[in-house]
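Here is a short note to go with your first look at this structure. Please keep the view open as you read the points below.

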Amino acid sequence: MAEIEYRPLTASDLYPGSMQDFRRHQVVTECWRHTPEGLRLMPIAFVDDWDEEKRRDRENRLRTLPERGGVAFGALDAGRIVGYIALNRQSPDCPADTLEVLSFHVSEEHRGQGIGKRLFAMAVDEGRRRGMRRLYISSHSSRESQAAYDHMGCVETRDVLPSAVAEEPCDIQREFIL
């Protein structure tokens, strides 16, 4: 097995079909929800699985990200994207000292190998390089996703971006202080 290569993704990495084997598949059984009693883990079950159209949409968004001032870091296995994290200041209410994590995924067969941790460290380095105060994450509310962000040192933020909440009302709003 080849060693995973970590680097900024370029347009040549994101050709049509470059993510055809990317498995964004997750069986969700529990999600965190805000309730009057506080944040609670609720029995909410579904399968999150990208189809070909969704993978093509991600390729296009990642390919055009540098044109919008953003960057995506990738984990590549023999030239194939098996994980990525995309960063930019996108929301209209995003403070000048904040860099948003727009998308962060590791293909199913590569999870549990430290790839996400390494990609997140690259995002932290980028935020610091740009002189930012924090990374802002509007994150999937599944138990597994929240546990991963906890493990990387992210906390629920009190300084939420209303536009992020409006776009994904069930997401948990998190931050990582740089």
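Which residues does Cys154 touch, not counting residues up to four places away in sequence? The points below start there, and please keep in mind that this is a predicted model.

1. **Around Cys154.** To take the question at once: Cys154 touches Phe120, Ile137, Tyr149, Arg174, Glu175 and Phe176, with residues up to four places away in sequence left out. You will find Cys154 in the loop between helix 3 (143-151) and strand 10. One of its contacts, Arg174, is 20 residues away along the chain, yet the C-alpha atoms of Cys154 and Arg174 are separated by 6.3 Å.

2. **Helix 3.** After helix 3 comes Gly153, with a positive phi near 95°.

3. Seven strands make up an open sheet with mixed pairing, and their order is 1-6-7-8-9-11-10. Strand 1 (5-8) and strand 10 (155-156) are the edge strands, each pairing on one side only. Helix 1 packs on this sheet, where it touches strand 6, strand 7 and strand 8. The direction of helix 1 makes about 55° with that of strand 7.

4. **Two pairings to compare by eye.** In general, strands of a sheet pair through backbone hydrogen bonds, either parallel or antiparallel. For a parallel case, look at strand 8 and strand 9 (residues 134-139), which are joined by four bridges; there, Thr98 has Arg134 in strand 9 as its bridge partner. For an antiparallel case, look at strand 3 (residues 31-35) and strand 4 (residues 38-42), joined by five bridges. Here Trp32 is partnered by Leu41 in strand 4, and a hairpin of two residues links strand 3 to strand 4.

5. **Helix 1.** Does the length of this helix agree or disagree with its residue count? At 1.5 Å a residue, the 13 residues of helix 1 (residues 52-64) should span 18 Å, and the end C-alpha atoms are 19 Å apart, which agrees. Arg55, Arg58, Glu59 and Leu62 are the buried residues of helix 1. Their arc around the axis is only 105°, which puts them on the same side of helix 1. Among the elements that cover them are strand 6 (71-77), strand 7 (80-88) and strand 8 (98-106).

6. **A loop residue to look at.** Most residues other than glycine have a negative phi. Ala78 has a positive phi, near 55°, and lies in the loop between strand 6 and strand 7. Is Ala78 buried or exposed? Its relative accessible area is 72%, and exposed means over 50%, so Ala78 is exposed.

Technical notes: Residues are numbered from 1 along each chain as its sequence is written. This is a predicted model: local features need pLDDT of at least 70, side-chain atom pairs count only at pLDDT 80 or more; totals for chains, interfaces and linings use all residues. Side-chain values use heavy atoms; hydrogens and water are left out. The expected span of a helix is 1.5 Å times one less than its number of residues. Buried means under 20% relative accessible area, exposed over 50%, partly exposed in between (1.4 Å probe, protein chains only). The arc is that of the directions from the helix axis to the C-beta atoms. Contact means heavy atoms within 4.5 Å. Two strands pair if DSSP finds at least two bridges between them. Axes are lines fitted to C-alpha atoms, for helices over the stretch in contact, and angles run from 0 to 180 degrees between N-to-C directions.
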